[in-house]
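Colleague: Please put the model up, and then I will ask about the fold of one chain and about the interface.

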Amino acid sequence: MKSLYVFTEKSICRLSVLSGTRPYCDTMNEFAIVTKDLTKSYKDVVALENLNLSVRQGEIFGLLGHNGAGKTTTVNLLTTLLVPTSGTVEIEGVDSSKSAKDIRKLIGYLPENVQLYNNMTTMENLRFFANLSGLKKPEARIKEVLDYLNFNSHYNKRIGTFSKGMRQRVGIAQAILHNPSVLFLDEPTSGLDPEGVRQLRDVIIRLNADLGVTIFMNTHLLSEVTKTCSSIGILKGGKLAYQNSMNSTLAEFPDQDSLEDIYLSIETAD
Amino acid sequence: MKAIIRQELLALSRERLPLMLFTVFVSMISVSSLIGFLTKTTVSDVWIRTREAGLTSAPNPFASLSPLYYARNSIIYIILVGTLMAIIAGVSSALRDRKAATIDLILSRPTSRSAYIYGKLIGITIWLSLSLFLVGVIAAVVISIIFGAALPASDYARLAVFFLLALPLLSGFAVIGMFAGLLSKRETSALLLPISFWAFVTFVIPQIGTAARPVALLNPVPLPPTSGGPFGALNFFIGPFAVSEQFKVASGKILNDPDISGDFSKAIISILGFAVLTSFLISMVKRTSIRGVLSE
């Protein structure tokens, strides 16, 4: 398996925790993401209400919910794209209300339906985002990341010629170029064909396993959550209706045959 | 900010609409000197025939004219084509990231709102500078060829100042385009709003202050402002906002055009003020507005 060679102190630390060589790192928070009473309102509409969420380091967390449940609003608040009406967001212990810029250095983000610049090549697109993240001469790093994603042969091709799945790969590449601690993926498999879904799932699992990156993903595909996530949360009408690890969830609902049944029983409960 | 400037230059060099207008702009400036030359040749021929027929003893009207006279038509092409090119560059720049859905990728990185806006603005200004430099060189070469010799150094300097003066005018209109692109919810309104503003500034305001002679607005020579009466009073207040007319005044003076009247310093202040004011306006665009979603 190919691996990324550029590690930050934090990612080395995280790897050592995951591999069991060190039980805990002093420089590391137990939780990568913590929200306290996070609320977002648009005029009279409350999109998200008092969200109290915590995601541990190195987890793959899946946020589930119907359309309009507040999933994208949550990701936008966590990535500092939106300012909360009230409540707080902490990423790796950094408070977004005090230092949003520092949070932006720690995170990678892949929005839903990312298009990128069609009249530019993979390299030109990635160089731009790498420079924005503060990487000075990013060419070697870009090649390394594309190699990791098995995408090096498309280095000098224009994005306009790519399929949705290929664009999504470039999207993942831009999100991990700067070696983020936390990766946010908004409906990452949306619009992909089954082969594209499988490839992207493999990439997500590898990223988490190889680098210990904490991954927060929004999705409504329960099959993806079952195969990918180590813990889940369910949003219902802008409120967090449920949060637990995947194993505990399955143990908690022994009578349900699948995650879909569990999800529906939580969704329909008052 | 460097990354945004570089990206802006790369994008402008590849996008179809700004490139098409750039080609039209370069072509028009190139032929404008030729049009000046043909005007001189035609009028001089008529003058020679009239003198030979003994119908006039007046001197050739072109005898005392500066070779910079041939650049006169460039003024109107900068106002009509150059400003439109700048508006399109500004609109394209603002819409690009929203259409490509990359705006969230940019704003989720450690890049400030001002670095984003001013990076784009600097990129567009560099692109406009390069365009003006190119048309300036073309104009200088064509005029020298028509003149049959190298121009005096002072004439080249005047030509350079003329094209340099076009930069704040074009930058101001590019900012108006960016402003509309950043705030509009629709692509059509992002294009229509700045073009309406341009038409208002170029054609409506001057008419109010010059007793409504619309055809004359397409001439490189500005209309003499109305003095006295309600139009005169109105012109005193709104005249400086007619930046295109002010550009005609300042450019005409720089190019030694004998037909130009008007206050040179007032014209310069008006053009520079336009550039500064628009730059200030765009600095007030909020981060949330930049993220606004296009509905088409």
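Colleague: How many helices and strands are there in chain A?
Modeller: This is a predicted model, in which local features need pLDDT of at least 70 and side-chain atom pairs count only at pLDDT 80 or more, while totals for chains, interfaces and linings use all residues. Residues are numbered from 1 along each chain as its sequence is written, chains are lettered from A in the order in which they are written, and side-chain values use heavy atoms, with hydrogens and water left out. Helices (H or I, at least four residues) and strands (E, at least two) are DSSP runs, numbered from the N terminus. On that count chain A has ten helices and ten strands.

Colleague: What share of the residues of chain A count as buried?
Modeller: Buried means under 20% relative accessible area, with a 1.4 Å probe and protein chains only. Of the 270 residues of chain A, the buried share is 55%.

Colleague: Which residue is the bridge partner of A:Thr35 in β4(A)?
Modeller: Two strands pair if DSSP finds at least two bridges between them. Strands β1 (residues 31-42) and β4 (residues 86-91) of chain A have five bridges and run antiparallel. Within β4(A), A:Thr35 is bridged to A:Val89.

Colleague: Which residue takes a positive phi in the hairpin of β4(A) and β5(A)?
Modeller: β4(A) also pairs with β5 (residues 94-95) of chain A, antiparallel over two bridges, and A:Glu90 has A:Asp95 as its partner there. Two residues lie between these strands, and the positive phi, near 50 degrees, belongs to A:Glu92.

Colleague: Which three residues supply 27% of the area that chain A buries against chain B?
Modeller: Contact means heavy atoms within 4.5 Å, and it takes in 27 residues from chain A and 24 residues from chain B. Buried area is the accessible area (1.4 Å probe) that two parts lose on being put together, summed over both; here it is about 2,400 Å², 60% of it on carbon and sulfur atoms. The three residues, which supply more of chain A's part than any other three, are A:Leu81, A:Arg104 and A:Leu132.

Colleague: Which residue forms a salt bridge with B:Arg14?
Modeller: A salt bridge is a side-chain nitrogen of Lys or Arg within 4 Å of a carboxyl oxygen of Asp or Glu. The rule finds one across the interface of chain A and chain B. Its closest N and O atoms are 2.7 Å apart, and the partner of B:Arg14 is A:Glu124.

Colleague: Which element gives the largest share of the side of chain A that touches chain B?
Modeller: The elements giving two or more residues to that side are α3 (100-106), β6 (107-110), α4 (122-132) and α6 (164-176) of chain A. The largest share, five residues, comes from α4(A).

How values were computed
Buried < 20%, exposed > 50% of the residue type's maximum accessible area, 1.4 Å probe, protein only.
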